[in-house]
Amino acid sequence: LARRFAPESLFWHTFTPGLNDQLRGLLFALGYFLHGQGASLLWSQLVADRGEVREAVALNLLRHDLSTLRQRPLLFCFDEIDLLRPGEIEAHTGLLAWLESLRSLVPLLLMGQRPVVDCDLHQRLVGLAPAACQELVQQVGLGLDGDEVARLHEDTQGNPRLLELFIALAQSLQRAGAPVADALAAFAHEPSVELLLRRIWRH
């Protein structure tokens, strides 16, 4: 999606609760990014204030920096946005409101398991098609036949991460001398990803 937009410059921020889910830290990251694009008003103020962040001032400066770069195709990407919990963490409420305010200033790409901010376009990512699933297992040399690939696709719904877990499980069992069919049986009967990870780790 980011490539389709073809931005000249891309800012990427993955939210990790307890680490970088505060507006203060995000403003520093954005200030530094915009400084690299040639708009340094926010960054200069943050440096002059020596770590103290006056949010209202910083947000106005951010808007000014973005207005000076309006002719450049920028894209701000925020990943794991659904980890923000506005109902539980007060700081997240303000952070989400601030992200909402950015919509009129710069194109945003918001990623998460569920939408928490209104968007102009909602793009749902679906699993890989059966043919792509077949290609993936062939690339790693698992040697599954058509029926086995169809079964794997049904079990995973084409989810790339689950397919990667299956491949890791199958390869670990192969190293132990077990057939790939054992991996299919084990994968279909494990009730959770956590148990799959434990099994892979054990092998």
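**Close-up views of a predicted model**

**View 1. Lining of the largest pocket.** The lining of the largest pocket takes at least two residues from each of α1 (2-5), β2, β3 and α8 (160-175); helices (H or I, at least four residues) and strands (E, at least two) are DSSP runs, numbered from the N terminus. The model is predicted: local features need pLDDT of at least 70 and side-chain atom pairs count only at pLDDT 80 or more, while totals for chains, interfaces and linings use all residues. Residues are numbered from 1 along each chain as its sequence is written, and side-chain values use heavy atoms, with hydrogens and water left out. The largest pocket holds about 1,600 Å³ of space. Its lining has 38 residues, of which L1, L110, M111, Q123 and L125 are the closest to the pocket centre. By class, 20 are nonpolar, eight polar and ten charged. Here Ala, Val, Leu, Ile, Met, Phe, Trp, Tyr, Cys and Pro count as nonpolar, Asp, Glu, Lys and Arg as charged, and the others, Gly among them, as polar. On a 1 Å grid over the protein atoms alone, a pocket is an open set of points with protein on both sides within 12 Å along at least five of seven lines, a cavity is a set where a 1.4 Å probe fits but cannot get out, and lining residues have an atom within 4 Å of a point.

**View 2. The largest cavity.** One cavity of 30 Å³ or more is found in a search of the whole structure. The volume of the largest cavity is about 40 Å³, a volume being the space filled by probe spheres set on grid points joined across faces, edges and corners. Among its lining residues are L42, L46, V53 and L61. Both α3 (41-48) and α4 supply at least two lining residues. The lining comprises six nonpolar, one polar and three charged residues.

**View 3. L27 in helix α2.** L27 lies in helix α2. L27 counts as buried because its relative accessibility is 0%, under the 20% limit (1.4 Å probe, protein chains only). Leaving aside residues up to four places away in sequence, L27 touches L42, L46, V53, A58, L59, L62 and W98; contact means heavy atoms within 4.5 Å.

**View 4. The buried face of α5.** H92, L95, L96, W98, L99 and L102 are the buried residues of α5. Seen down the helix axis, they fall within an arc of 160°, so they line one face of α5; the arc is that of the directions from the axis to the C-beta atoms. These buried residues pack against α2 (23-36), α4 (55-68), β2 (74-79) and β3 (108-110).

Definitions and conventions
Buried means under 20% relative accessible area, exposed over 50%, partly exposed in between (1.4 Å probe, protein chains only).
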